[in-house]
Amino acid sequence: MTNTPEQPETQEPAAGQSENVPYMRKIRSFVLREGRLTKGQQNALDNHWPAFGLAYQSTPLNLTEVFGRAAPVVLEIGFGMGKSLVTMAQHAPDKNFIGIEVHKPGVGACLGDAAAAGLGNLRLFEHDAVEVLNDTIADSSLSTVQLFFPDPWHKKRHHKRRIVQHDFVQLLRQKLQIGGVFHMATDWQNYAEHMLEVMQTAEGFANLSATGNYVERPEHRPLTKFEQRGQRLGHGVWDLMFERIS
Ligand SMILES: C[S@@+](CC[C@H](N)C(=O)[O-])C[C@H]1O[C@@H](n2cnc3c(N)ncnc32)[C@H](O)[C@@H]1O
């Protein structure tokens, strides 16, 4: 998958909307691309969405009912094509996994792999993760939140689109249990520094890095496609892990 194209934030008023009313629009961390679905992805969506798919709803879901058991819940934001999420779910059958992605071909690809692996501990949303977290995920219900290689929004004027912001990390704090961990990884140094800055000033979190900044890539995080690409390009990779302490 390629990086999300960076587009200007201005948007024309919708048809019927008065030109005089300022058009308010939420700043989102993604731009939906018209990705073509392969036959395999379409088949996976047709056949496996009923078993793995979860719909956004405006009230919190009971996750014990969703998975049919109580177990620590790992939630991944923006899983891309889902390869690393499926691998992690396979390697940790004692945990429940939730993946959230807006890119339909990625959801289709992840469904195909999840079904082929016969996973019972994975569910997926095709929706904006910020809305799902706000409304559909109960407070203090998550043991881990994973954010791997989020869109870096390179240009300074687009930095406000970066998903890691003060309000966003307080939303995650609310959804994590005390002792739960927010794990980020990026191959973009400027974004890593931004993540560190936001997290160091975020109330209620403690850095799990012994050196007060980054952690070694934990064994349980598989190499993602983006990371492999970054390695080929000679990029560094930065992992950050913060625990909710209050
Ligand atoms: C750069 S890609 C990385 C994908 C994957 N984590 C990897 O390492 O290969 C970032 C992904 O985040 C998704 N994304 C961005 N903002 C999102 C949001 N608010 N909710 C759900 N997915 C989002 C994008 O659609 C994109 O697939």
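# A guided look at the loop, the helices and the cores

Visitor: Where is Trp153 found?
Guide: This is a predicted model. Phe149 has its place in a loop that runs between strand E5 (142–148) and helix H6 (166–175). Trp153 is likewise found in the loop between E5 and H6.

Visitor: Is Trp153 buried or exposed?
Guide: A residue counts as buried under 20% relative accessible area. Trp153 has a relative accessible area of 1%, so Trp153 is buried.

Visitor: What is the phi of Trp153?
Guide: Trp153 is not a glycine. Even so, its phi is positive, at about 45 degrees.

Visitor: And what is the phi of Phe149?
Guide: Phe149 is not a glycine either. It counts as buried, at 10% relative accessibility. Its phi is positive, at about 55 degrees.

Visitor: Step back to the whole chain. How many helices and strands has the protein chain?
Guide: The protein chain has 246 residues, and 47% of them count as buried. Take contacts between residues at least 6 apart in sequence: 80% join residues at least 24 apart. As for the elements, the count is eight helices and eight strands.

Visitor: At what angle do H1 and H4 pack?
Guide: Two packed helices are described by the angle between their axes and the distance between the axes. For helix H1 (residues 39–52) and H4, the axes are 8 Å apart. The angle is about 70 degrees.

Visitor: How is H1 placed relative to H4, roughly parallel or roughly perpendicular?
Guide: The two pack at about 70 degrees. Angles of 65 to 115 degrees count as roughly perpendicular. That makes H1, relative to H4, roughly perpendicular.

Visitor: Is the crossing of H1 and H4 left-handed or right-handed?
Guide: Gln41, Ala44, Leu45, His48, Trp49 and Phe52 of H1 take part in the contact. From H4, residues including Lys104, Pro105 and Val107 meet them. The contact residues divide into ten nonpolar, four polar and one charged. The crossing is left-handed.

Visitor: Now H3 and H4. At what angle do their axes cross?
Guide: H3 covers residues 83–91, and H4 covers residues 104–116. Their axes come within 9 Å. They cross at roughly 25 degrees.

Visitor: Is H3 roughly parallel or roughly antiparallel to H4?
Guide: H3 passes H4 in a right-handed crossing. Lys83, Leu85 and Val86 of H3 make the contact with Cys110, Asp113 and Ala114 of H4. These residues divide into four nonpolar, no polar and two charged. The angle is roughly 25 degrees, and that makes H3, relative to H4, roughly parallel.

Visitor: Which residues are buried in H3?
Guide: Several elements cover the buried residues of H3, including strand E2 (73–77), strand E3 (96–101), H4, strand E4 (122–126) and E5. The buried residues are Ser84, Leu85, Val86, Met88 and Ala89.

Visitor: Which residues touch Leu133, not counting residues up to four places away in sequence?
Guide: Leu133 is one of the core members that touch the most others. Leave out residues up to four places away in sequence, and its partners are Leu75, Ile77, Leu142, Phe168, Leu171, Leu172 and Lys175.

Key. Residues numbered from 1 in each chain as written. Predicted model: local features only at pLDDT ≥ 70, side-chain atom pairs only at ≥ 80, totals over all residues. Heavy atoms only, no water. Axes fitted to C-alpha atoms, helices over the stretch in contact; angles between N-to-C directions. Helix = DSSP H or I, 4+ residues; strand = E, 2+ residues; numbered from the N terminus. Parallel < 35°, antiparallel > 145°, perpendicular 65-115°, else oblique. Left-handed = near helix turned anticlockwise from the far one by under 90°. Contact = heavy atoms within 4.5 Å. Nonpolar A, V, L, I, M, F, W, Y, C, P; charged D, E, K, R; others polar. Core = buried A, V, L, I, M, F, W, Y, C linked by side-chain atoms within 4.5 Å. Buried < 20%, exposed > 50% of the residue type's maximum accessible area, 1.4 Å probe, protein only.
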